[in-house]
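Open the model in your viewer and keep the selection tool at hand. The stops below say what to select next and what is there.

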Amino acid sequence: MLAGGGHTHALLLSQGPLPGPTTLVSPARFTPYSGMLPGVVAGHYHSREAHIDLAALCQRCGVTFIEQAATGIDRTGRHLLLDDGRRLPYHLLSLDIGAQPALDTVPGAREHAIAVKPVSGFLARWQHLLATLPRQPRPLRLAVVGAGAGGTEMVLAIAHALRQQRLPVQLSLFSAGGLLPGYPAGVRRRMQRALDHYGIALHTSTPIQRVTASHLYGEHEQPYPCDFLLWCTGAVGAAWPGDSGLSVTDAGFVRVQDTLQSINDHAVFAAGDCAWPEPGPVPRAGVYAVRQAPVLRHNLIAAWQDRPLQHWRPQQRFLSLLSAGERYATGSRGRRLSAGGRWLWHVKDRIDRRFMARFPVMTTPPAA
Ligand SMILES: Cc1cc2nc3c(=O)[nH]c(=O)nc-3n(C[C@H](O)[C@H](O)[C@H](O)COP(=O)(O)OP(=O)(O)OC[C@H]3O[C@@H](n4cnc5c(N)ncnc54)[C@H](O)[C@@H]3O)c2cc1C
């Protein structure tokens, strides 16, 4: 039983059918590939090019697809509980349900901010904004909270899209710390130049304390006017795995051992952003979700056939490519090596398209 159509499960299924009867449960038929999401917003890709059609993928490998959200686990009776009240029996359960920005840590954020995930919700609001912007009487004030990789890529993508359409806007990027923490100085310098190029105001060391319909407030009640707020910071897991008795971290991530099995229930596996491989920490990055796919696939089959399981080891360094609005990207590997250029955007484009080519060609486009 696969709950969630994130990167790990999608990739696992792209490698062919599993030996036992398999079901994939996901609240949405189309799941986004986050590597291309900033490119969708910037206008480099159609939304269709950056989404995986889970129903078509399941059909290709003989897996039953159920378009529903999972809401709980009856671990004693081994049933996955669905939003519509159904209870699906399982022998082995694997969770790949992602994580969401932490909206509840700042008062007002849940009411007034738009979270970058779920992506379908964000893309719908973005399309609506694009449609209504030309009618705005004054330049829109748009803020992004979170200057990690996702937030920085998104503010640049938004700036690029609005500049292409000649729509007036004032853009700000807020960070409780600095720009792109953990990235090499060369990447930060290049991305800072990109922010300057688009006239985006960067507010570092500015932890947002509360949010209203018209303002963000920093420390000492410093107000920042804002009409459209995108929330790209923090990450928390869903509550229901912990409520079902699985061992989870304070942020709700399922604690797994190096076989990707829950540390307190070996019939349950977890991978991608929703998992916390012990002893942790592992960054919330799609790269890890992708690298876990072959190990998870092997281990689900091995557990089903009562054979030895493999051990997943997080790689210490990986290639990180960040897009910067226009067709320009920075790249880094570890804390030292970094580069930037238009050629790197084309490298990233090739990698992303190669990833998407593993999945069935989309026939029905996603809504946004
Ligand atoms: C703007 C942006 C850009 C990024 N760019 C990169 C990048 O370039 N490289 C990189 O390595 N990382 C990147 N990331 C991080 C990356 O998005 C995540 O690490 C990655 O998506 C994690 O994949 P996942 O498999 O955990 O699940 P996700 O891709 O998050 O998917 C989770 C799936 O689970 C489904 N689901 C949710 N709840 C339920 C439920 N209750 N029941 C059933 N299904 C459920 C969702 O519908 C979704 O399909 C980026 C993130 C953002 C926000």
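**The ligand**

Start by selecting the ligand: 29 residues surround it, and the closest are H7, T31, S34, D96 and D273. A residue counts as near a molecule when one of its heavy atoms lies within 4 Å of that molecule. The model is predicted, so local features need pLDDT of at least 70 and side-chain atom pairs count only at pLDDT 80 or more, while totals for chains, interfaces and linings use all residues. Residues are numbered from 1 along each chain as its sequence is written, and side-chain values use heavy atoms, with hydrogens and water left out.

At A70, a backbone N or O atom lies 2.9 Å from a nitrogen atom of the ligand. At W240 the side chain takes part: one of its N or O atoms is 3.4 Å from a nitrogen atom of the ligand.

**From α1 to α9**

Select helix α1 (residues 7–14) and α9 (286–304). Helices here are DSSP runs (H or I, at least four residues) and strands are runs of E (at least two), numbered from the N terminus. The axes of α1 and α9 come within 8 Å and cross at roughly 55 degrees. Axes are lines fitted to C-alpha atoms, for helices over the stretch in contact, and angles run from 0 to 180 degrees between N-to-C directions. That makes α1 oblique to α9; angles under 35 degrees count as roughly parallel, over 145 as roughly antiparallel, 65 to 115 as roughly perpendicular and the rest as oblique.

Now show the side chains: H7, T8, H9, L11 and L12 of α1 make the contact with A289, V290, Q292, A293, L296, R297 and L300 of α9. Contact means heavy atoms within 4.5 Å.

Move to the loop between β21 (275–277) and α9, where P279 lies. The peptide bond from E278 to P279 is cis, with omega near 5 degrees. P281 is found in the loop between β21 and α9 as well, and a cis peptide bond with omega of about -10 degrees joins G280 to P281.

Select helix α5 (residues 119–132) and α6, which pack at an angle of about 30 degrees with their axes 12 Å apart. That makes α5 roughly parallel to α6. The contact is made by F122, W126 and L130 of α5 and M154, I158, A161 and L162 of α6.

Which way does α6 pass α7, left-handed or right-handed? The crossing is left-handed. In α6, T152, V155, L156 and R163 meet M191, A194, L195 and H197 in α7.

**Last stop: R78**

Finish at R78, in the loop between β6 (70–74) and β7 (79–82). R78 has a positive phi of about 55 degrees although it is not a glycine.

Conventions: A crossing is left-handed if the near helix is turned anticlockwise from the far one by less than a right angle, and right-handed if clockwise. A polar contact is a pair of N or O atoms within 3.5 Å; within protein, one must be able to donate a hydrogen and the other to accept it, and residues adjacent in sequence count only if both atoms are side-chain atoms.
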